[in-house]
Amino acid sequence: MASLSGLYSSSPSLKPSKNLSFKALPALSRDSFSFPHTSRPTNLPLTLSSARSVARDISHADSKKELLKDPDALWKRYLDWFYQQKELGLYLDISRVGFTDEFVAEMEPRFQAAFKAMEDLEKGSIANPDEGRMVGHYWLRNSKLAPKPTLKTLIENTLDSICAFSDDIISGKIKPPSSPEGRFTQILSVGIGGSALGPQFVAEALAPDNPPLKIRFIDNTDPAGIDHQIAQLGPELASTLVIVISKSGGTPETRNGLLEVQKAFREAGLNFAKQGVAITQENSLLDNTARIEGWLARFPMYDWVGGRTSIMSAVGLLPAALQGINVREMLTGAALMDEATRTTSIKNNPAALLAMCWYWASNGVGSKDMVVLPYKDSLLLFSRYLQQLVMESLGKEFDLDGNTVNQGLTVYGNKGSTDQHAYIQQLRDGVHNFFATFIEVLRDRPPGHDWELEPGVTCGDYLFGMLQGTRSALYANGRESISVTIEEVTPRSVGALIALYERAVGLYASIVNINAYHQPGVEAGKKAAAEVLALQKRVLSVLNEATCKDPVEPLTLEEIADRCHAPEEIEMIYKIIAHMSANDRVLIAEGNCGSPRSIKVYLGECNVDDLYA
Ligand SMILES: O=P(O)(O)OC[C@H]1O[C@](O)(CO)[C@@H](O)[C@@H]1O
C-alpha cells in the first residue's frame, strides 16, 4: 500500500508510483492544451483513461483509509488547504479531495495561462471568439473595470434607474392603472434559461417572508403551467407588474409566455402596456415591441453579458430590488469575491481551488458528476442555477483549436438533509461516478430565535450533524467532497457565491481550452424545433387542400408525407397529428392513433384561403 506521506506530499523519496498518480497525463505546457482524452471512447470496456481512473480511485481509497487512520495527517491536510475570505465570511475546504502536490505543480502553468486569459477578458478582449464578443459580467459589479467610459456610465445609470424604479413601484408612486389596492403587489417574470434561473435562485434565497411584491415565474411554453400561474394571480392580475426578460428578445418560449399573458390581460379588461416591463438588448424584437406599445419601462441587457452570467445585470437586479432585496449588497459581495479570485496564487484563490478540484475529481474530462448539496432550504435552487452556469459553459464538442473534445461537467443536486432520504444511499454505496460539494451555512436562524429541542441540541444542530455525518461517511467510502461554508445567507454572501462559481467556470474552461461563453448546441435544438413547426404548417396546408375537395379526401400518413415532399419525416408527421388530435384541434383523425398505419386524416372544415400555406 502506498504510504500516506507519499500520496499527499511532494517528498521525492515517497512519490506515488507512476500508474497510480496523475502523472499519466502528458507533460503540460501552454501550447499543449490538448488532452489524452480528446475524443472520449464510449464503448470500450476498459480504456487507458478509464483504467487510469480506476487505478487512481483505488489509490485514493487506500490513501483515504490511511488518512482516516491518521487523524493528525487529515487535520494537517485540512489546515494546509483551508481557505477563508474573512470579509465575506466564506470558507473553502478541499481536504477531502485527494489531489497530490505533484498534480498541483503540474497544473501551475495551465493556471497561470488561465489567470492571464481572465485578466485579458476583464480588460475587454474578445473572450468569446465564436460570437466575436467581449465578456463583461465582472464589470457589472465594478464598473471601473469596464474598458470604455461609455460602458461604465451605462452600467452605473442602469443600476441607478433600477433602484429608482423599484422604489417608485414599492412606494406606490408608480401605480397600476386599475387596481383597487392602488399599488403593485405581484411580479410575473416571463423568461427562460439565464433569463429565469438567476431571478428564481435569488428570490428563493433572499426574498423576505413578506416582500413588498411577491414573485412568480413563467419559464416555459407549457400552456398548463402558464394557465396555472395566471390562475393563481386571480384578481391580483390588476396589480401585477409583468417583467419580460430576454437578452435576444426573440426566444420563442418567452414570446409565447408574453402573448399568453397579454391575452389574459385583454380578457380581464386590463391595459398590459401600463403594467409591462421589458429587459432586453436595444432594438431587439422585444425592445421594439415594448417601445411601440408604450410599456411602462424598459431596461437594457448587453451584448457583452451572457444569459447565464446575467444575474448581476437588470435581469437579476430588477426583480430582486422589487422584492426588497438589497441589490447593492449583492454587487458588493460579488465584487469582493472577484477581487479574491484575481490572485494568481492557486492556493489563495478559491475559484482556482474549485477548478483544480473539479479537474482532479473528473479527470479533466467530466468523468465524474458534481453533486451540489446546500444544507439550507433557501439555497435549494443553487444547484439548478449552477446546472446552467456550468453545463452550458463547459459542455462543448470542440476545444478552442477545433479538436473534438466533448467536454463537460454534469451538475445536479437538491438540498440536504432532504436528499439523505432520496439518493445519498447511492452516493455512499453505489456507482462511484460523482464528487460532492457541500454548501454549509453557519447561522441556523436569526439571533434570538433559537431554542433547544432536547437538552443541548437545536434543530439546526441536527442539520449540521447530518451534513458532517454525510461528508464523513462519503469520505470513509472513498468519495471525494468539497465544502463551501458561508456564515449567513445574505445578499452579500449570495453575490459572493455566484461570483465564486462564475470565476471557477471561467478558469476551468481555460485549463481545458474551451470557449465557456457560447452555446452552439442549444441552437441546434432551437433550429430543429422551428423545423417541426414549419412541417406542421405544411401538413395542415396539405390536409386543407384534401379537405376542400368534393368529396373530402381523407389522407393516410404516407400520402401526407408524400404531398409534403417529406417521406423521411413520416414519423414526425404521425407525432404532429397525434398531438393535434389529442388537443381537439381542427384536424380529424379516423382510425386508431395507437396504430399509425390505420389513420386517415382530414380537417374539420375547408379553409378556402389556406391560412396555413
Ligand atoms: O435571454 P434569452 O435570449 O431569451 O435566452 C434565454 C436562454 O437561452 C439560451 O440562449 C439557450 O438556452 C441561454 O443561454 C439563455 O439564457
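Predicted model: local features only at pLDDT ≥ 70, side-chain atom pairs only at ≥ 80, totals over all residues.
Q: How do you know that the length of helix α16 agrees with its number of residues?
A: Helix α16 covers residues 491–511, which is 21 residues. The expected span is 1.5 Å times one less than the number of residues. For α16 that gives 30 Å, and its end C-alpha atoms are 30 Å apart, so the two values agree.

Q: What makes α16 a mostly covered helix?
A: Buried means under 20% relative accessible area. In α16, 18 of the 21 residues are buried, and the helix is mostly covered.

Q: Why is Thr437 called buried?
A: The cut-off for buried is under 20% relative accessible area. Thr437 has a relative accessible area of 0%, so Thr437 is buried.

Q: Where does Thr437 lie, and which residues is it in contact with, leaving aside its neighbours within four places in sequence?
A: Thr437 lies in strand β10, residues 434–441. Contact means heavy atoms within 4.5 Å. With those neighbours left aside, Thr437 is in contact with Met370, Val371, Val372 and Leu373, and also with Ile482, Val484 and Tyr501.

Q: How far does α17 reach from its first C-alpha to its last, and what is expected at 1.5 Å a residue?
A: α17 has 28 residues and reaches 41 Å, close to the expected 40 Å.

Q: Which residues of α17 are buried, and what covers them?
A: Among the buried residues of α17 are Leu535, Gln536, Val539, Leu540 and Leu543. The cover includes the helices α18 (557–563) and α19 (570–582), together with the strands β14 (587–590) and β15 (600–603).

Q: What do α13 and α17 each supply to the shell around the ligand?
A: α13 (382–394) and α17 (520–547) each supply at least two residues of that shell. The shell divides into 2 nonpolar, 9 polar and 3 charged residues.

Q: Which of the 14 residues around the ligand come nearest?
A: Ser195, Ser246, Ser248, Thr251 and Glu392 come nearest.

Technical notes. Residues numbered from 1 in each chain as written. Heavy atoms only, no water. Near = heavy atom within 4 Å. Nonpolar A, V, L, I, M, F, W, Y, C, P; charged D, E, K, R; others polar. Buried < 20%, exposed > 50% of the residue type's maximum accessible area, 1.4 Å probe, protein only.
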